[in-house]
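The following exercises are to be worked through with the sequence and the structure at hand. Each task is followed by a solution in steps.

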Amino acid sequence: MTVPHHSGEDATAAIEAYGLTKSYGKPAVRVLDGIDLRIARGGVFSLLGPNGAGKTTTVRILATLTEADSGTARVAGYDVVADRSAVRRSISLTGQFAAVDEVQTGEENLRMMARLTGASRSAARRRADELLERFDLTAAARRPAATYSGGMRRRLDLAAGLVGSPEPGVFFLDEPTTGLDPRSRQQLWEVVRDLAGRGATVLLTTQYLEEADRLADRIALLNKGRIAAEGTAAELKARVGGHRLDLVLTSRAAYLRLAGRALHHSPGTLTLGIPTDGSAAQVRALLDEIDPTGEAVERFTVHGATLDDVFLALTSEASAHV
Ligand SMILES: Nc1ncnc2c1ncn2[C@@H]1O[C@H](COP(=O)(O)OP(=O)(O)OP(=O)(O)O)[C@@H](O)[C@H]1O
Ligand SMILES: [Mg+2]
């Protein structure tokens, strides 16, 4: 394997990975089966995929917590194996490096961490105040971290990752909003947007497709250890036609006959969703083809595709035709 020469690297990329593979266990189960990624500097990149797809494994390799079996990766220009400590100085990983002490207050935690990075007492105090303000934790600053809600705790984790100065350029957030209520989730989205707005690169994994749709500049869909698709949310939606034709069928027999063509299945309401470009010509042709005698379909609606449609299409067993 050739080691990429430093001057030959792509200076505009925050993260580059080539052919990452990883297997676990005996007999070995291949978890990553050749991952290539190129993530430009600045902005939010989201890694989506079903449970067990390999998202956390990918993040751990890029954040130098695990080594790939083969392949290479550079983060902030540094090789994740050869320049591990330089990578660690350039990144923040939520909830991992930030060892928040539950007994101490948010303020005490941040001041102590700032002191550990070498800041003077007054500089540490200033930095802590600044971060508490920025992460909307000023009101809770003097309470023990143990009393924080899930959302506050995650914001404190993120703040802890920013204590050092200069701030890291690359953030790995592995499911930062899982389990948060809608308001806390939105607060975290604001934090992520703010980081990206300051020029940072954020690699975010999420189970919430709507979150990727709203936050991410680009999205990679990971399925069974491979990148199944990559692009903007709009590009990914276009891959499933951009629209969805929902058919409400007249009978269970009609439903079962047509179920194989659909991506979305709601047996309770006898509704099937079929990808389409949304044009009248295609919808008319589809209806004629599916229901030539006009007996199977009771009603239909056409609406814009969501990332759910993309996710289902590209991660289903029968995805080869998409
Ligand atoms: N240390 C390990 N030892 C053995 N198997 C592992 C280990 N870490 C991960 N795996 C397996 O690798 C596969 C991918 O796991 P990974 O955590 O990367 O998935 P994920 O996409 O993050 O899933 P989730 O959405 O559930 O977080 C899973 O089948 C998991 O059981
Ligand atoms: Mg995971």
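**Exercise 1.** State in which sense β9 and β10 pair, and over how many bridges.

*Solution.* Step 1: β9 and β10 are antiparallel partners, joined over five bridges; strands are DSSP runs of E with at least two residues, helices runs of H or I with at least four, both numbered from the N terminus, and two strands pair if DSSP finds at least two bridges between them.
Step 1: Ala220 has Glu230 in β10 as its bridge partner.

The model is predicted, and local features need pLDDT of at least 70. Residues are numbered from 1 along each chain as its sequence is written.

**Exercise 2.** Determine the order of the six strands in the open sheet.

*Solution.* Step 1: The order is β6-β7-β8-β3-β9-β10, with mixed pairing.
Step 1: β6 (91-93) and β10 are the edge strands, each pairing on one side only.
Step 2: From one strand to the next, the twist averages 15°; axes are lines fitted to C-alpha atoms, for helices over the stretch in contact, and angles run from 0 to 180 degrees between N-to-C directions.

**Exercise 3.** Decide whether Lys224 is buried or exposed.

*Solution.* Step 1: Lys224 sits in the loop between β9 (218-223) and β10 (226-231).
Step 1: Lys224 has 54% relative accessibility and therefore counts as exposed (buried is under 20% relative accessible area, exposed over 50%, partly exposed in between, with a 1.4 Å probe and protein chains only).

Definitions and conventions
Chains lettered and ligands numbered in written order. Predicted model: local features only at pLDDT ≥ 70, side-chain atom pairs only at ≥ 80, totals over all residues. Heavy atoms only, no water.
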